[in-house]
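These are my notebook entries on a structure that was new to me. I record what I looked up, entry by entry.

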Amino acid sequence: MSNPLALLGRGATYLLLCLATFVSVFPFFWMAIGATNTSPDILKGKVTPGGALWTNMVNFFTSVDMPRILFNSFFIAGVGTALTLLVSSLAGYGFEIFRSRLRERVFAGLLLMLSIPFAALMVPLFIMMANLKMINTYQAIILPTIASIFIIFYFRQATKAFPHELRDAARIDGLKEWQIFFNVYMPVMRSTYAAATIIVFMTIWNNYLWPLIVLQTNDMKTLTLVVASLTSAYTPDWGVVMVGAIFATLPTLVIFFLLQRRFVEGMLGAVK
Amino acid sequence: MVAGADTTSIGARHGRARPRLGRSEQVSGWLFVMPALVLLGIFMIYPILWSLWMSFQVGRGMNLSFGGLTNIIRLTQDPVFIRALTNTLTFLAIQVPVMLVLALLFANALNNSRLWGRAVFRTAIFLPCVTSLVAYSVVFRSMFSQDGIINQMLMALNIIGSPIPWLADPFWAKVVIIIAITWRWTGYNMIFYLAAMQNIDRSIYEAARIDGVPAWARFWYITVAMLKPVILFTTVISTIGTLQLFDEPNLIPPIPGAPSDATLTLSVYIYNLSFKFMPSFGYAATVSYVIVILVGLLSLLQFLAARDRRA
């Protein structure tokens with residue numbers, strides 16, 4: 001192999017990766033710098049830190065009832081995640097441990113449903129929520145997300161690694177099926193739950209379209225909706241928007257850096 | 001319960017000998033999956049069927065009546081729908097291949113264990129996946145303003161002579177959307193490829209190298225060939241995602257779908273039909289079934305294509 005050519009190839013690889021890194025990270029840098037600048041400076045592309053951080057923060061926190069908004073976001077994501085994990089892991093466990101021909105067929109049906117686009121559900125779901133008088137409530141946001149086919153699939157795959165002997169031993173000890181699930185399976189599979197928690201929390205936290213349809217008053221809005229509505233003004237205050245974007249990104253960013261491996265595991269999830 | 005009789009054969013097929021399920025285990029099996037199935041029935045199966053029924057109904061607001069094929073005829077004569085469909089398919093046809101090729105290239109570069117700074121590169125390229133769609137959309141909108149940072153950088157590098165009217169021009173607005181989605185999802189797909197690449201036996205590469213197979217051929221005939229199932233999977237999920245594109249075209253342009261509907265997607269159009277002005281739910285449901293059919297058709301096509309190539 002000719003050495004200069006290999007060197008050139010390696011140089012090109014590094015160049016490509018450095019460029020990709022710059023492009024990937026720059027918007028984060030831009031968001032952080034933007035939070036310290038005034039709106040006109042942001043639109044003029046100023047890349048140096050400015051002195052408007054405090055003003056932007058104050059404007060952001062006074063433009064909306066921030067404690068309430070944060071509560072909405074954390075409550076919806078927290079309760080939604082807990083229920084999703086419970087219901088979907090029960091199902092994933094059930095499909096894997098108690099195999100029967102009929103349940104295998106149902107499971108195959110679920111996989112087909114994975115490709116149902118939300119756009120085709122939102123109109124009937126909205127009318128359903130309106131009929132149930134649940135528009136503008138937490139339930140309306142949380143209920144449709146609880147049974148996640150993707151998470152059911154994820155737990156079914158993970159359950160294949162759940163040691164058979166543990167379940168047999170628990171049964172000999174006289175534990176009931178639901179006790180085996182809660183007292184043996186859940187503690188043993190905690191890393192699976194951790195990975196799934198990250199992915200579900202992030203999905204609910206970041207959800208935009210469904211909350212946009214269902215949550216209608218300012219006191220019910222989530223952080224995501226507030227950030228989006230800040231830009232719908234005729235002349236948005238971009239400094240304030242950047243502060244909002246940082247707050248909307250922060251929880252998932254923190255989880256990512258604390259639990260990087262689990263995070264990626266959760267993303268890969270069902271495919272392994 | 002007839003189903004119980006066959007469990008042994010299914011267990012055996014999965015390579016794990018299992019005692020057949022007794023009656024109480026059959027009951028347990030259904031109890032475990034029931035909460036999820038009930039919820040999916042209420043919030044997925046019922047609405048998707050309802051929306052099929054609704055797609056044949058006409059009227060405004062909640063006053064709907066059966067309209068036969070009226071909505072389907074309206075589709076063919078609705079220039080806004082045609083534009084939303086063309087835009088969505090344009091995004092799909094350009095963005096998905098570009099993103100997947102990039103993801104494959106990055107994964108291949110990062111799969112080299114002797115690469116310096118591998119973990120840093122990997123984390124950096126994956127980082128966009130951490131942002132919420134809303135947050136990154138509004139950040140991108142500020143970056144692509146007329147006098148904004150992107151135009152300034154490109155002008156400083158002498159790539160362009162005068163600022164590009166990114167979000168004011170129909171062509172460039174589409175380009176911004178494509179850049180944005182590619183930025184957000186390339187790292188996500190790369191992670192799938194990297195994981196799959198790490199499962200390929202290194203000795204295959206060694207053998208090929210000893211036989212004098214050049215690097216590009218090793219990449220094409222070993223890496224890409226072995227990754228085919230993952231590539232298929234990412235193609236299908238990216239296709240499904242792009243066909244439903246909503247957040248970006250709704251937030252990156254100053255007005256959703258602007259300029260002059262150049263970034264209007266099917267999902268944004270459905271939203272506008274249902275929740276802006278006087279709702280026409282029936283027609284919105286018809287448009288939504290166009291997405292259902294497209295998703296089904298394209299997924300099927302991709303599966304067939306993958307099967308043909310394997311044979």
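Entry 1. I looked up D261(B) in this predicted model and counted 18 C-beta neighbours inside 10 Å, so D261(B) is classed as partly exposed. A buried residue would need 20 or more such neighbours, and an exposed one 12 or fewer. I located D261(B) in the loop of chain B between α12 (247–251) and α13 (266–275). Its phi is positive, near 65°, although the residue is not glycine. I noted this angle because most residues other than glycine have a negative phi.

Entry 2. I then turned to K133(A), which is not a glycine and has a positive phi of about 55°. I found K133(A) in the loop of chain A that runs between α6 (122–131) and α7 (138–142). K133(A) counts as exposed, because it has 9 C-beta neighbours inside 10 Å.

Entry 3. I checked the length of helix α11 of chain B, residues 228–243. At 1.5 Å a residue, its 16 residues should span 22 Å, and the C-alpha atoms at its ends are 22 Å apart, so the two values agree. Within α11(B), I listed buried residues, among them V230(B), I231(B), T234(B) and L243(B).

Entry 4. I finished with chain A as a whole. I recorded 15 helices and 0 strands in chain A. Its radius of gyration is 23 Å, whereas a compact globule of 272 residues would have a value near 19 Å. The C-alpha atoms of chain A fill a box of roughly 70 × 70 × 35 Å along the principal axes. Of the 272 residues in chain A, 46% are buried. Among contacts in chain A with a separation of 6 or more, 76% join residues 24 or more positions apart.

Notes. Residues are numbered from 1 along each chain as its sequence is written. Chains are lettered from A and ligands numbered from 1 in the order in which they are written. This is a predicted model: local features need pLDDT of at least 70, side-chain atom pairs count only at pLDDT 80 or more; totals for chains, interfaces and linings use all residues. Helices (H or I, at least four residues) and strands (E, at least two) are DSSP runs, numbered from the N terminus. The expected span of a helix is 1.5 Å times one less than its number of residues. The radius of gyration is taken over C-alpha atoms; the globule rule is 2.2 Å times the number of residues to the power 0.38. Two residues are in contact if their C-beta atoms, placed from the backbone, lie within 7 Å.
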